[in-house]
Amino acid sequence: MVNIAANPVNQNVAILSIGAYRPEHIVSNDELCEVLDSNDEWIYERSGIRNRRWISGDETGRSISVAAAERAIRNAGIDRAEIGTLILATSTWRTITPHGAPEVAFDLGINGVAAFNVTSGCSGFGYGLACAADLVRAGTSKYVLVIGMETMSEGIDRTDRGTAFIFGDGAGAVIVGPSEVNGISPTVWGSDGENAPAIRQNLDLVEYMDRAEAMQGTDASVEKMGRLSLVMEGPRVFRWAAITLPKALKSTLDASGLSVDDIDVFIPHQANSRINDLMKKNLGLRDGVPVANDIENTGNTSAASIPLAMEEMLATGKAKGGQIALLLGFGAGLSYAGQVVMLPPAPAEASL
């Protein structure tokens, strides 16, 4: 019997560094309400959001992905030639083909590496981190670059009271690699296709193309054709979160071999401050454990929200490198992914 060679196994992996990019344009609730039928108080009470960042000028999903990744690479102090895989978690790359990861790799000067997109909505970073940790553990790649990037402002109806005020743009990136001690727990993840339509596009791509074709040669406006945009049933998502997330958090802790008393920092997806407050209460965290609140000035950035929130906490001193953090991403799919991680050092180059 032949013996097929196997890669050397790295039992211990960790997040070695973090980098982020926040678009220059800050959009306040007041500015948003110039076109949205709402007000600052109503938005803040229901979401915890006061400002969000939207791309402008020359900024694109591609450029902000590269900017965040460059900072993560420099903060890690590694030779970029040793990065074996690039994972881009996003649901807002402008094209399905080509997918974005190879183009980002080219811009970073690591053309030729394995590069792929993960499209898992707001849990995308957690899915990407899971893949990265296992790639390093298996010896498939020495270092893996994981980027969470979204340009949500390009796919929302800015007059929709259900979605327009929630979403922002940004990119966060981490380097995952071997470590003396293990810094990433097994991932707990799952999905609920029955409730998937609670977060959806208003049109699928075929419907959109059919409408566009039908209106060729006419004077119909984009408004009449219907813009491809995001639709969300907020109460349905909230109910799903209230039932699903406490179980996911408990399972994540169980998989890590730690208890809630071992958690130094809680960094949930920045979806809604009310959901985060509910999770904090159900978890029973120790008094004084900091909870990420990047949503207040960054909004919900989907797959980018956890690395952005992590970078903000490290850069401002709310959290410190080496502390134990509980992460949980959740959203479109409906899907979720949780890990317990050891935080990387505070970034020498931050985005704030």
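By class, the lining of the largest cavity comprises 8 nonpolar residues, 1 polar residue and no charged residues (Ala, Val, Leu, Ile, Met, Phe, Trp, Tyr, Cys and Pro count as nonpolar, Asp, Glu, Lys and Arg as charged, and the others, Gly among them, as polar). The model is predicted, and local features therefore require pLDDT of at least 70 and side-chain atom pairs pLDDT 80 or more, whereas totals for chains, interfaces and linings use all residues. Residues are numbered from 1 along each chain as its sequence is written, and side-chain values rest on heavy atoms, with hydrogens and water left out.

The count comes to 1 cavity of 30 Å³ or more, and the volume of the largest cavity is about 60 Å³. On a 1 Å grid over the protein atoms alone, a cavity is a set of points where a 1.4 Å probe fits but cannot get out, and a pocket is an open set with protein on both sides within 12 Å along at least five of seven lines; lining residues have an atom within 4 Å of a point. Grid points are joined across faces, edges and corners, and a volume is the space filled by probe spheres set on the points. The cavity is lined by Phe238, Ala241, Ala242, Leu245, Pro246, Ile275, Leu278, Met279 and Asn282. Two or more of its lining residues come from each of α8 and α9, and α8 gives the most, with 5 residues. Helices (H or I, at least four residues) and strands (E, at least two) are DSSP runs, numbered from the N terminus.

Leu245, one of the cavity-lining residues, lies in helix α8. Leu245 counts as buried because its relative accessibility is 0% (buried means under 20% relative accessible area, exposed over 50%, partly exposed in between, with a 1.4 Å probe and protein chains only). Residues up to four places away in sequence aside, Leu245 touches Trp240, Ile275, Met279, Leu328 and Phe330, contact meaning heavy atoms within 4.5 Å. The C-alpha atoms of Leu245 and Ile295 are separated by 18 Å, the two residues being 50 apart along the chain.

Strands β11 and β12 pair in the parallel sense over 4 bridges, and Val265 has Ala325 in β12 as its bridge partner.

Strand β6 (residues 143-151) runs antiparallel to β7 (residues 169-178), to which 8 bridges join it; the bridge partner of Val144 in β7 is Val176. Strands β4 and β6 pair in the parallel sense over 6 bridges, and Leu86 stands opposite Leu145 in β6.

In β6, 9 of the 9 residues are buried, so the strand is largely enclosed by the rest of the structure. Tyr143, Leu145, Ile147, Met149 and Thr151 are buried on one side, and Val144, Val146, Gly148 and Glu150 on the other. Ser65 lies in helix α3 and counts as buried at 0% relative accessibility. Beyond its neighbours within four places in sequence, Ser65 is in contact with Leu88, Trp93, Val104, Ile147, Met149 and Ala171.

The largest pocket has a volume of about 1,400 Å³. Of its 50 lining residues, Ser91, Thr92, Met152, Gly155 and Leu230 are the closest to its centre. The lining divides into 21 nonpolar, 22 polar and 7 charged residues, and α8 gives the most to it, with 4 residues.

Notes. Two strands pair if DSSP finds at least two bridges between them.
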